[in-house]
Amino acid sequence: MTVIPLGTEDARRPPRSMLWERQVRPLAAALSEGAAPPPRALVVGTAGSGKSTTLRRLREHLTSLGHRVRIAGVDAQEIAEVAADDVLMVDDLHLRDDDLVAAVHARAMDPSASLIVTVRPWPTTPVVQQVARELERGFPAVILGHIARSDLAQHLDDAGRELPDRCLTHILDVTGGVSWLVSAALHAHDDRDCSDDEHHTDLHRALHARIMLRIDTVDPELRRVVEELSIAGGGRVPISGGTGQDAADDDADELVRRGHAEGLLERRGMPLPIVRSAILASMPARRVAELVGTIAEGISRDAVVDPGAGSWLEGLHDPTVGEALMHHGDTLAGAFPARALGLYRRAEECGVPPELLVARRAEAHWALGELDAAIALVDASHRAATEPRLTDVAAGVWAARGMMTHADAVYRGTPPTTPESTASATIAAAGIGS
C-alpha cells in the first residue's frame with residue numbers, strides 16, 4: 001500500500017487525458033463541493049484510454065482538497081484496514097485476484113467508505129459488476145475511450161499545438177476516435193510528412209507498427225478473430241468450439257467484447273479502419289490463404305467489401321472467394337453498379353470464368369449509362385445468342401440510341417425465353433408499331 005501524504009504532489013505533474021474536460025471535470029467538480037458525500041467513483045475505459053492518467057490526476061486533485069489518498073497494492077488485508085475517510089484508489093480492478101476484489105467489494109458496499117476504481121469494459125465478473133453498480137449510485141460512471149472532435153481540439157489548445165483541419169479530420173476518421181490510437185497518431189504526426197500527402201502515408205506506417213505490436217501481444221484466439229473480421233471487412237466470422245448456434249453466438253459476442261476492450265474493434269464488432277489497414281498491409285500471403293473460407297463466408301453474408309481498399313485481394317486466386325465476390329456484386333448491382341463492377345473484376349482475378357461474368361458486367365455498364373462498354377461486351381461474347389441477359393442489353397443499347405427497329409430485330413433474331421425478355425421484346429415491337 002502506497003501512502004500519499006497530505007498536500008504532497010508528484011514532482012512531475014501527470015498530464016490530463018483528452019477526455020478530461022468532457023468526462024472527468026464534472027466528477028472533479030462534484031468532488032470539490034463542500035457538502036459532497038465521500039468521494040466514490042467508477043472510471044471505465046478500454047486499453048490505452050487514459051484510466052491510469054485520470055486516476056493520477058484525481059489523486060492530485062483530492063490531495064489538494066485535503067483528502068488522504070491510499071493506492072491499493074496487492075494485499076487484500078491492507079485494503080480492509082484503510083479508514084473509511086481515506087480515499088482508496090484501485091486501478092484495473094478487473095485484473096486483480098479474487099481476494100483483493102472481494103475486499104474492494106466489501107468496501108464498496110459501505111456507502112460511507114471513499115473508493116475510486118478503474119476497470120475495462122471486459123473482462124468482468126459478477127463481483128466487479130456489483131462494485132460498479134454500488135459506485136454508480138453516487139455519480140455516473142466516467143466513460144473513457146472515444147475522442148470527439150471537440151475533445152481533440154481542446155487538447156491541442158491546452159498543449160499550445162496547432163493541427164491542420166484536414167489532418168485532424170483524417171486522424172479521427174482512421175482511428176474511429178479511439179483514445180490510444182488518437183494519442184499515437186498525435187505523437188507520430190508531422191506536418192512536414194503530410195503537407196503534400198493527403199493520404200498521410202508516413203503517419204499510417206507509424207500507426208501500423210504500433211497496432212501490429214499490440215496485435216502480437218493479444219492471445220491467439222483474439223488475434224485470429226480480429227484478422228478474420230479485417231479480412232472479411234467486418235462480416236460475421238465463424239467461431240469454433242461451440243456446441244450449437246447459441247453457443248457459437250455467445251463465443252463470438254465474447255470475442256467482440258474482448259476486441260473492443262483491447263481498443264481494436266468497435267463495440268459492434270467492426271475493425272477500426274486503421275486496424276484493418278494495418279492487418280491487411282502486414283498479413284503474409286500464407287495467412288491470407290488460411291483464411292480463404294472465412295473471406296468467402298464473410299462476403300457471402302453481406303460483409304462490406306470496399307472496392308477502394310481491397311487491393312489486398314488482387315494477388316489472391318481462389319475460386320471460392322471469387323464466387324463469393326461475384327454473388328456479393330449481384331446484391332449491389334441494382335443500387336451500386338459501379339461497386340458491383342469492381343467486385344466482378346476481382347472475382348475474375350480470383351479465378352471465376354469470364355463467361356460467368358460477361359452478362360453481369362454488361363448489365364452494370366448499362367445501368368451506369370456506359371453504352372459503348374456494354375455493347376462491346378455483348379459483341380465480344382460467344383454466348384450473346386444464348387444468354388437472355390446479353391440479348392436484353394443489346395436491345396436496350398439500340399433502344400437508348402433511338403434505333404428501336406434494331407432493338408426489335410435483336411429479339412426477332414434471338415426470340416425471348418424469359419418473362420423479362422418477353423416483356424422487353426413486346427415493348428420493342430410496340431415501339432415500331434408492330
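What follows is a short briefing, grouped by topic.

Keep in mind that this is a predicted model. Its salt bridges number 21, and a few of them are picked out below.

- Start with helix α2, which covers residues 51-64 and holds both arginine 57 and glutamate 60.
- These two sit three residues apart, or about one turn of the helix, and their side chains form a salt bridge with an N to O distance of 3.4 Å.
- Buried or exposed: which is arginine 57? Arginine 57 counts as buried because its relative accessibility is 6%, under the 20% cut-off.
- Glutamate 60 has a relative accessible area of 11%, so this residue is buried too.

**A network of three**

- Arg68, Arg70 and Asp86 are tied together in a network of salt bridges.
- Arginine 68 meets aspartate 86 at 3.3 Å, N to O.
- That pair links distant parts of the chain, 18 residues apart: arginine 68 is in the loop between α2 and β3 (69-71), while aspartate 86 is in the loop between α3 (76-80) and β4 (87-90).
- Arginine 70 also makes a salt bridge with aspartate 86, this one at 3.6 Å, N to O.
- Here, too, distant parts of the chain are linked: arginine 70 belongs to strand β3 and lies 16 residues from aspartate 86, which is in the loop between α3 and β4.
- How do the three compare for burial? Arginine 70 and aspartate 86 are both buried, with aspartate 86 at 10% relative accessibility.
- Arginine 68, on the other hand, has a relative accessible area of 34%, so this residue is partly exposed.

- As background, nonpolar side chains in soluble globular proteins tend to be buried together.
- Setting aside neighbours within four places in sequence, leucine 152 is in contact with Met18, Ile147, Leu168, Leu172, Val182 and Leu186.

Conventions: Residues are numbered from 1 along each chain as its sequence is written. This is a predicted model: local features need pLDDT of at least 70, side-chain atom pairs count only at pLDDT 80 or more; totals for chains, interfaces and linings use all residues. Side-chain values use heavy atoms; hydrogens and water are left out. A salt bridge is a side-chain nitrogen of Lys or Arg within 4 Å of a carboxyl oxygen of Asp or Glu. Helices (H or I, at least four residues) and strands (E, at least two) are DSSP runs, numbered from the N terminus. Buried means under 20% relative accessible area, exposed over 50%, partly exposed in between (1.4 Å probe, protein chains only). Contact means heavy atoms within 4.5 Å.
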